[in-house]
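Subject: The structure you asked for

Hi,

Here is the structure, ready to open next to this email. Have a look at it, then read on for what turned up.

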Amino acid sequence: MPWSLLRIPAFRALWLGRLVSWIGSGFAPIAIVFAAIDLGADAVDLGLVVVARSLPNILLLIFGGVLADRHPRRLVAVVSSFVSAGSLIIAAVLMLTETETLVTLAVISAVNGAAAAFFGPATNALVRDTVSDRSIGDATVLLRVGANVGLIVGLAAGGAVVGTVGSGLALALGGAVFAVAAVVFVGLPGDAARASGGTSLLADLGSGLGFVVRTPWLTAAAALAFVFQFAFAGGVHVLGPLIADQTFGRLLWGYAGAVQTLGLIVGAFWAGSLRGRVRLWVACLGAGALAAPLLLLSFALETDPVVFDPLHWFFWISVGLFVASVGLEVFTVPLDVAVQQLVPGAYRGRVFSVLAVGSLAGIPLGEVLIGPLTELVGTPVALVALAGLVLVVATGVALSPRVRRVDAPEARVG
């Protein structure tokens, strides 16, 4: 791994700031959820509090990209981090003084989720301003590794802190994490890229969406990211736990999830070791690896219970989830590098935000539609159908002439 890039002050500030922010992003949802439970939330109340954070995050991502292209990205990163910190600290004060309610917690949760929508596009678009063009690939890999490690640490630390000192202090500590990130981001470089001067926010939003629509390889990549998250949300997030409950058990399913997360880190390292030798069209085939755990879950459900070996299926499903995570990183890293290298700086924030929204939009749709699909064709067939969908779309995008040409040596985006 090109750790020497961390010697560059600007990139070091970006890497450390994103690492700390991702720790906060893993920490905050756990602290908020258990705060709601401490306030007496039932399943319905808890769902509303969770949605209050996730919905603004998804809806405002595109506007986050617009602001990242209209204003100094360092300023956007610092302000959004301080807002995230302030929201959690206010929630902590209300919890510790026993004046918090589910309504105020939901509002604070929404503010926290909204702030996160502005941090991502701004910091993604800053990569090219911190390193030379020849180092963009290595920088992207380091950032992906840092983000995945930060998320794992945040999730683990959030659960540990909530379990030992309570949700009130956990919220306060989560706020402190985001405050540290804001301070680190102060060391980011300024940037000159701006959207067209004198235009309105909506006009810049429209021009950013128009740029993606006019650039076929970006549209194809967004479609593939959407299908991946759609199939993963429905097949793994929803059906996975149900199948585990009927087969090898909840405990082993939790371990399988840990193996899946490990795959994200290994995948980012592997993508870095390839050092640009994998073209984007080949990387798109990596997303098709999601078919492995989907098919394995289907086969596990159809295995005769009399001869069913829980450890056997736990092992293979864990391998499948690991491979899917590696494939996701192999697809994501070259895509991020292509955006950094080929998209003009004035559009970069909006392009990253559109890709993020396209990907995230697949999650709620997959979670909602998988139920009716299983009722219509049955769970095993539904999983096979999702696997087939991923393979078809990944192959179709990879074979698209526009995608095959995008990162050829002569490729340019005007």
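Between which two helices does the loop that holds Glu-98 lie? Glu-98 sits in the loop between H4 (73-96) and H5. One thing to keep in mind as you read: this is a predicted model. Glu-98 has a phi near 60 degrees, a positive value in a residue other than glycine. Is Glu-98 buried or exposed? Its relative accessibility is 74%, so Glu-98 counts as exposed.

Now for the overall picture. The chain has 16 helices and zero strands. Its C-alpha trace spans about 65 × 60 × 40 Å along the principal axes. A compact globule of 414 residues would have a radius of gyration near 22 Å, and the chain agrees with that because its own value is 21 Å. Of the 414 residues, 52% are buried. If you count contacts with a separation of 6 or more, 89% of them are between residues 24 or more positions apart.

Next, the inside. The largest nonpolar core has 60 residues, and Trp-217, Leu-218, Trp-253, Leu-290 and Val-339 have the most contacts inside it. Helix H9 (residues 216-246) gives the largest share of this core, with 16 residues. Apart from it lies another core, this one of 29 residues, including Trp-15, Ile-23, Ile-136 and Leu-143. In general, nonpolar side chains tend to be buried together in soluble globular proteins.

Leaving out residues up to four places away in sequence, Val-339 touches Trp-217, Leu-218, Arg-348, Val-351, Phe-352 and Leu-355. Two of the names there, Trp-217 and Leu-218, are also on the list of core residues with the most contacts.

Thr-140 lies in helix H6 (residues 136-165). Why does Thr-140 count as buried? Its relative accessibility is 4%, and the cut-off for buried is under 20%. Beyond residues up to four places away in sequence, Thr-140 touches Val-333, Asp-336, Val-337 and Gln-340.

Ser-109 belongs to helix H5 (residues 102-125). With a relative accessible area of 0%, Ser-109 is buried as well. Which residues is Ser-109 in contact with, leaving aside its neighbours within four places in sequence? They are Ile-32, Val-49, Ala-52 and Arg-53.

Helix H3 (residues 61-70) is mostly covered, with seven of its 10 residues buried. The buried ones are Leu-61, Ile-62, Gly-64, Gly-65, Val-66, Ala-68 and Asp-69.

Last, Gly-168, which you will find in helix H7 (residues 167-185). Gly-168 is buried, at 8% relative accessible area. Not counting residues up to four places away in sequence, Gly-168 touches Ala-92, Met-95 and Leu-96. From Gly-168 to Val-354 the C-alpha distance is 35 Å, and the two are 186 residues apart in sequence.

Cheers

How values were computed. Residues numbered from 1 in each chain as written. Predicted model: local features only at pLDDT ≥ 70, side-chain atom pairs only at ≥ 80, totals over all residues. Heavy atoms only, no water. Buried < 20%, exposed > 50% of the residue type's maximum accessible area, 1.4 Å probe, protein only. Helix = DSSP H or I, 4+ residues; strand = E, 2+ residues; numbered from the N terminus. Core = buried A, V, L, I, M, F, W, Y, C linked by side-chain atoms within 4.5 Å. Contact = heavy atoms within 4.5 Å. Rg over C-alpha atoms; globule rule 2.2 N^0.38 Å.
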